[in-house]
Amino acid sequence: MKGKLFSFLIFPIILTGIIFISKVSFINIAKEDFKCLKCHKGSKSLENIVKEKHITSADQLKYLIRKGPKSGLHITVPDKDLEKAIEYLHLKYNVKKEKTKKN
Ligand code: HEC
């Protein structure tokens with residue numbers, strides 16, 4: 001009988017634990033739901049890179065990611081995440097300079 005009582009107690013505790021952990025990880029995913037942040041952390045954070053490279057517009061960021069010397073590192077990054085990064089960094093499109101872009 002002792003064993004049964006034990007399992008009645010331990011089960012809700014484990015369940016609560018699982019719910020708690022999955023909630024925490026859900027919050028983390030919601031916060032960092034674009035790919036850039038997986039690689040850009042700490043000293044290589046997007047904020048730091050933007051400052052370092054003097055990136056001041058969305059076009060500049062897009063150019064570096066798609067056609068710059070480091071574009072090879074960013075092949076797997078979808079456009080959707082690039083847009084999210086632009087929003088995240090509060091960058092604006094440079095409308096005047098924009099030509100009829102392919103893609
Ligand atoms: C697979 C990992 C990875 C992902 C995903 C990634 N980056 Fe990078 N990124 C790198 C690495 C590595 C570098 C080179 C860092 C260095 O210069 O030391 C880099 C460099 C950069 C640079 C500097 C480019 C240059 O020409 O110097 C910018 C800007 C940048 N990333 C922005 C982004 C943005 C915005 C995203 C999301 C849309 C993103 N990255 C997603 C790995 C990644």
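## A helical chain around a ligand

K84 lies in helix α5; helices here are DSSP runs of H or I with at least four residues, strands are runs of E with at least two, and both are numbered from the N terminus. Please keep in mind that this is a predicted model, in which local features need pLDDT of at least 70, side-chain atom pairs count only at pLDDT 80 or more, and totals for chains, interfaces and linings use all residues. Residues are numbered from 1 along each chain as its sequence is written.

**Overall layout and confidence**

As for confidence, pLDDT is the predictor's own score for each residue, from 0 to 100. The mean pLDDT of the protein chain is 84, with 81% of its residues at 70 or more. Among the elements, helix α1 (residues 2-31) has the lowest mean pLDDT, 72, while α4 has the highest, 96.

Two residues are in contact if their C-beta atoms, placed from the backbone, lie within 7 Å. Of the contacts in the protein chain with a separation of 6 or more, 70% join residues 24 or more positions apart.

A residue is buried if 20 or more other C-beta atoms lie within 10 Å of its own, exposed if 12 or fewer, and partly exposed in between, with C-beta atoms placed from the backbone. By that count, buried residues make up 5% of the 103 residues in the protein chain.

An α-helix has 3.6 residues a turn, so residues three or four places apart point the same way.

**The ligand shell**

Of the 22 residues around the ligand, C36, C39, G68, K70 and A85 come nearest. Four helices, α2 (36-39), α3 (46-52), α4 (58-66) and α5 (79-88), each supply at least two residues of the shell. The shell divides into 13 nonpolar, three polar and six charged residues. Here Ala, Val, Leu, Ile, Met, Phe, Trp, Tyr, Cys and Pro count as nonpolar, Asp, Glu, Lys and Arg as charged, and the others, Gly among them, as polar.

| Pair | Sequence separation | C-alpha to C-alpha distance |
|---|---|---|
| K84 and D33 | 51 residues | 9.0 Å |
| K80 and F34 | 46 residues | 8.4 Å |

**Two histidines with positive phi**

H54 is in the loop between α3 and α4. Its phi is near 55°, a positive value in a residue other than glycine. With 7 C-beta neighbours inside 10 Å, H54 counts as exposed. H90 sits in the segment after α5, and phi of H90 is likewise near 55°, positive in a non-glycine residue. H90 is exposed, with 8 other C-beta atoms within 10 Å.

Technical notes. A residue is near a molecule or strand if its C-beta atom, placed from the backbone, lies within 6 Å of it.
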